[in-house]
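Hi,

Here is the structure I said I'd pass on. Have a look at it first, and my notes on what turned up follow below.

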Amino acid sequence: LLNRNIEVKYGSELGRDFTVDGLLSDGFKAVYLATGSHKSKLLEVPGENVKGVIPGVQFLKAHNLHAKELATGRVGIVGGGNSAMDAARVALRQKGVTSVTVFYRRTRAEMPAYAEEISAGLAEGITIEELVAPVEVLSKGGKLRGMRLIRNRLGERDKSGRQRPEPVTGSEFEVELDTLVVAISEEPETAGLDGLKLTRWNSISVNTESYATSRPGVFAGGDLVTGPSTVIGAVAAGKQAAMMMDRYVKGKLMKMLPQTILPTFYVEPVNLIDEDAAPTARIHAPELPAEKRRKSYAEVEMCVKAEDARSEACRCLRCDLEFTRPV
């Protein structure tokens with residue numbers, strides 16, 4: 001439930017129904033922007049604006065919010081992150097789909113998607129085509145019929161530490177597709193952000209400590225600043241920015257000294273095992289067999305047994321004992 005002091009206005013869009021200028025003119029002392037990063041990036045290759053080519057975010061929203069199945073036949077997914085793997089596993093479960101292939105410009109080892117997502121997708125029947133990059137989307141009569149790709153090899157390492165993919169001359173090949181989902185990344189929509197300093201990724205540039213933008217009284221956080229990230233990161237940014245906006249409105253210093261929150265409740269340690277005994281391995285939650293989950297939306301990861309949960313809890317190193325051990 002929302003705090004009773006919070007007023008929510010639904011159906012209002014930044015840049016369409018209101019502006020930052022308007023909010024400040026209406027008497028708001030501080031404005032926090034957290035509109036996310038929902039705009040799927042384009043492949044920027046010839047022919048991609050045809051029927052059958054679907055942005056990754058649009059594809060996932062259609063499924064999760066409206067229960068619509070947009071994929072059919074032979075499905076290709078371009079990308080190697082979690083959005084790409086999510087789209088691939090969702091597409092595999094849709095009724096008219098016969099195959100799903102993920103096309104990635106580097107190798108599987110460099111894919112930024114979680115390892116467990118990749119392994120689960122492969123177990124379900126998804127194919128990963130490594131070291132390839134799209135060069136053209138092929139169509140017939142305004143409808144997708146396939147894609148032309150070029151093979152890559154790994155070259156020098158870039159700033160991220162990963163080897164840069166380099167095209168291999170003369171290695172072009174074509175694949176036939178009925179649906180192509182583009183999930184190479186997302187970026188913020190810039191409508192309504194006039195007058196604010198942006199980064200080269202179209203995200204808002206902020207002071208990392210105060211969340212203040214280039215404009216006094218305007219703050220920003222979440223994916224609008226970091227690019228696609230996690231929900232918990234966006235929630236944390238909102239909490240930190242709220243404290244900074246409070247300080248701004250009250251005319252206080254836009255800086256907070258770090259505080260360490262120590263545990264106040266002591267929990268008696270369990271009986272320790274023999275220090276010479278073999279280490280206890282991390283448990284792995286049981287999963288629904290791939291053949292049963294491949295065409296269903298049943299929960300994949302099952303509950304662990306009580307004894308396994310206790311075993312996992314006993315692996316905790318109990319760092320809190322340094323601060324809470326009775327004197």
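**Salt bridges and cores**

The count of salt bridges comes to 18. Keep in mind that this is a predicted model.

Let me start with a few of those pairs. Arg16 and Asp17 join their side chains in a salt bridge, 2.7 Å from N to O. Arg16 counts as exposed because its relative accessibility is 54%, while Asp17, at 42%, is partly exposed.

Glu176 and Arg74 also meet through their side chains, again with 2.7 Å from N to O. This pair ties together distant parts of the chain: Glu176 sits in strand S10 (residues 173-176) and Arg74 in strand S4, 102 residues apart. Glu176 is exposed, at 55% relative accessibility, whereas Arg74 is partly exposed at 31%.

Then there is Arg151 with Glu129, where the closest N and O atoms are 3.3 Å apart. Arg151 is partly exposed at 34% relative accessibility, and Glu129 is partly exposed at 25%.

Now the inside. The largest nonpolar core has 24 residues, and the members touching the most others are Phe59, Val75, Ile77, Val100 and Val102. At least two core residues come from each of helix H2 (56-66), strand S4 (73-78), helix H3 (82-92) and strand S5 (97-103). H3 gives the largest share, seven residues.

What does Val100 contact, once neighbours within four places in sequence are set aside? The list is Val75, Ile77, Ala88, Ala91, Leu92, Gly125, Ile126 and Thr127. A separate core of 16 residues lies apart from the largest one, and includes Val53, Phe103, Phe173 and Val175.

Why is H3 described as largely enclosed by the rest of the structure? Because eight of its eleven residues are buried, meaning under 20% relative accessible area. Those buried residues are Ala84, Met85, Ala87, Ala88, Arg89, Val90, Ala91 and Leu92. They pack against H2, S4 and S5, as well as helix H4 (115-124), strand S11 (179-182) and helix H7 (290-293).

Cheers

Terms used
Residues are numbered from 1 along each chain as its sequence is written. This is a predicted model: local features need pLDDT of at least 70, side-chain atom pairs count only at pLDDT 80 or more; totals for chains, interfaces and linings use all residues. Side-chain values use heavy atoms; hydrogens and water are left out. A nonpolar core is a set of buried Ala, Val, Leu, Ile, Met, Phe, Trp, Tyr and Cys residues joined through side-chain atoms within 4.5 Å. Buried means under 20% relative accessible area, exposed over 50%, partly exposed in between (1.4 Å probe, protein chains only). Helices (H or I, at least four residues) and strands (E, at least two) are DSSP runs, numbered from the N terminus. Contact means heavy atoms within 4.5 Å. A salt bridge is a side-chain nitrogen of Lys or Arg within 4 Å of a carboxyl oxygen of Asp or Glu.
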